[in-house]
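Please read the numbered points beside the sequence and the model.

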Amino acid sequence: MKLLKKTEFGNPVLRKRSRKVSAKEMNEKSFIFLIKDMFFTMRKSKGVGLAAPQINKDLQLAVIEIKKNKLRPKVIPLAPEVIINPEITNHSKKITHDWEGCLSLTGVRGLVPRFSEVTVKYTDDTGKIKVKKLKGFQARVFQHEIDHLNGVLYVDRMKDMKSLITLNEFRKRSIKNEGLKSK
Ligand code: ZN
């Protein structure tokens, strides 16, 4: 497995709608290896999700895996998921604000409003169509990754740029447990 080179904010590939993956492509060895490398790269970078444009691939493909850590002690873990050609088919009216970061803009966090619950339809890495209803941080991560496949970055969703803070500041506040509550 290899560590893939990540694209960063400013790279036009992050601003483009990615193209759909064909059924034929899904069975190709290179595609299967790409998924493995994406998981490897995401884990090495301590991320919870990685979308294909973030490693300079024009494909509607993302990997997600949520684990608890010091900065996210309360999240409900999620086993590795491969999402191909995803779409949000339904969502709650309710919006939740919470902190997000992005592997394409390291060292920064921002408060982002997202639908509290979403239903997502996608193809998994075995070619099976899946429909999943998600809430909380899981719903947030899916929305963040699906946004990537549409050329949207979390800063576009932010309502107050004053909440864009460095990871150092985020850690300080996290330790004090202040200012990190969802709105
Ligand atoms: Zn991101």
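1. A residue is called buried when its relative accessible area is under 20%, exposed when that area is over 50%, and partly exposed in between, with a 1.4 Å probe and protein chains only. The model is predicted, so local features need pLDDT of at least 70 and side-chain atom pairs count only at pLDDT 80 or more, while totals for chains, interfaces and linings use all residues. Residues are numbered from 1 along each chain as its sequence is written, and side-chain values use heavy atoms, with hydrogens and water left out.

2. Asn 85 has a relative accessibility of 15% and therefore counts as buried. Asn 85 is placed in strand 3 (residues 78-91); helices (H or I, at least four residues) and strands (E, at least two) are DSSP runs numbered from the N terminus. The phi of Asn 85 is positive, near 45 degrees, in a residue other than glycine.

3. Asn 56 also has a positive phi, near 65 degrees, and is not glycine. Asn 56 lies in the loop between strand 1 (49-51) and strand 2 (61-66). Its relative accessibility is 49%, so Asn 56 counts as partly exposed.

4. Helix 3 (residues 136-149) has 14 residues, and its end C-alpha atoms are 21 Å apart, which agrees with the 20 Å that it should span at 1.5 Å a residue. That expected span is 1.5 Å times one less than the number of residues. Because 12 of its 14 residues are buried, helix 3 is largely enclosed by the rest of the structure. Gly 151 follows helix 3 and has a positive phi, near 75 degrees.

5. Cys 102 lies in strand 4 (residues 95-102) and His 144 in helix 3, so the pair ties together parts that are 42 residues apart in sequence. Both Cys 102 and His 144 are buried.

6. Asp 147 is placed in helix 3 and, at 8% relative accessibility, counts as buried. Leaving aside residues up to four places away in sequence, Asp 147 touches Arg 114, Val 152 and Arg 157, where contact means heavy atoms within 4.5 Å.
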